[in-house]
Amino acid sequence: MNKITILVVEDDAPVRNLITTTLGAHDYRHVAATTGEAAVMAAASHNPDIVLLDLGLPDIDGVEVIRRVRGWSSVPIIVISARSEDADKIEALDAGADDYLTKPFSVDELLARLRATQRRLALIQNGGDRQSVYTNGQLAIDYAKGCATLAGEELHLTPIEYKLLCLLAQNTGKVLTHKFITKSVWGSSWENDIASLRVFMATLRKKLEKGPDSPRYIQTHVGIGYRMLKVE
Ligand code: CA
């Protein structure tokens, strides 16, 4: 049932073998590339459903691969990187990656990310982005009316909180960086904006989440940004 094609870009043979073996065992089809140039070619010729991309490649950097592929494709890209520095992940996300995994990762973690990405794909294919009412779990946003409800109760949001909520909802499943969010909401990305963002996110969450310690809708990526989760 998983018959989707995954492009695996990884120059490290043991890691590549671990990933492709895992994919094979879970009924995913895959194609593999070991360099950045080969990855761009494979993305064009195989038209994969999802790309798993190592950032440290022998020829061109993984971020450059993302920029090139994003020139013509919106295929979900999950970055897999040994680099623990947040700056690399942020650069990859701002270049158009959807999600990231940090090496070493577990097979279960990889499969969970793939399932989450498939749910996001299904949402897009069902026209979730174009519908005038967004629904996710008990959350609903009526874009035409400009209001949001949780379990049928209207959420009393400030204009900025509403803008933030819409931006996250329109990118459900995707990690949005602080810079991307502040640029979208305020049109700029200064330190002050990022500090304000934290404050607005805190007030939005207080209204949206039942238990602030166990958020269901908005996930924090410390030092990186936020993501709206698809709630079952
Ligand atoms: Ca590598």
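**Sheets, cores and a calcium site**

Colleague: Which strands does helix α6 lie across, and at what angle to β7?
Modeller: Helix α6 (residues 159-170) lies across β6, β7 (139-142) and β8. It runs at about 105 degrees to β7. Helices (H or I, at least four residues) and strands (E, at least two) are DSSP runs, numbered from the N terminus. Contact means heavy atoms within 4.5 Å. Axes are lines fitted to C-alpha atoms, for helices over the stretch in contact, and angles run from 0 to 180 degrees between N-to-C directions.

Colleague: What kind of model is this?
Modeller: This is a predicted model: local features need pLDDT of at least 70, side-chain atom pairs count only at pLDDT 80 or more, and totals for chains, interfaces and linings use all residues. Residues are numbered from 1 along each chain as its sequence is written, and side-chain values use heavy atoms, with hydrogens and water left out.

Colleague: Back to β6, β7 and β8. What order do the strands of that sheet take?
Modeller: The order is β6-β7-β8-β9, an open sheet of four strands with antiparallel pairing. Two strands pair if DSSP finds at least two bridges between them.

Colleague: Which strands are at the edges?
Modeller: β6 (133-136) and β9 (153-154), each pairing on one side only. Strand β8 (residues 147-150) pairs with β9 over two bridges. There, Thr-149 stands opposite Glu-154 in β9.

Colleague: What about the three-strand sheet, which order there?
Modeller: β10-β12-β11, open and antiparallel. β10 (176-177) and β11 (218-221) are the edges with a single partner strand each, so one side of each has no neighbour in the sheet. β10 is joined by two bridges to strand β12 (residues 225-228). Leu-176 has Tyr-226 of β12 as its bridge partner.

Colleague: And which helix lies across β11 and β12?
Modeller: Helix α8 (residues 191-208), at about 150 degrees to β11.

Colleague: Switching to the metal. Which residues are the protein donors of the calcium ion?
Modeller: Asp-11 (OD), Asp-54 (OD) and Gly-56 (O), lying 2.2 to 2.3 Å from the ion. Donors are N, O and S atoms within 2.8 Å of the metal (3.2 Å for Na, K and Ca); water is not among the atoms, so sites may look incomplete.

Colleague: Where do Asp-11 and Asp-54 lie?
Modeller: Asp-11 is in the loop between β1 (5-9) and α1 (13-25), and Asp-54 is in strand β3 (residues 50-54), so the pair ties together parts 43 residues apart in sequence.

Colleague: Is Asp-54 buried or exposed?
Modeller: Asp-54 is buried, at 4% relative accessibility. Asp-11 is partly exposed, at 33%. Buried means under 20% relative accessible area, exposed over 50%, partly exposed in between (1.4 Å probe, protein chains only).

Colleague: Now the largest nonpolar core. Which residues touch the most other members?
Modeller: Leu-7, Val-9, Leu-53, Val-65, Ile-66 and Ile-77, out of 27 residues. A nonpolar core is a set of buried Ala, Val, Leu, Ile, Met, Phe, Trp, Tyr and Cys residues joined through side-chain atoms within 4.5 Å. Another core, of 26 residues, lies apart from it and includes Tyr-134 and Tyr-217.

Colleague: How do α3 and α4 cross?
Modeller: Their axes come within 9 Å and cross at roughly 10 degrees. That makes α3 roughly parallel to α4. Angles under 35 degrees count as roughly parallel, over 145 as roughly antiparallel, 65 to 115 as roughly perpendicular and the rest as oblique. Val-63, Ile-66, Arg-67 and Arg-70 of α3 make the contact with Glu-91, Ala-92 and Ala-95 of α4.
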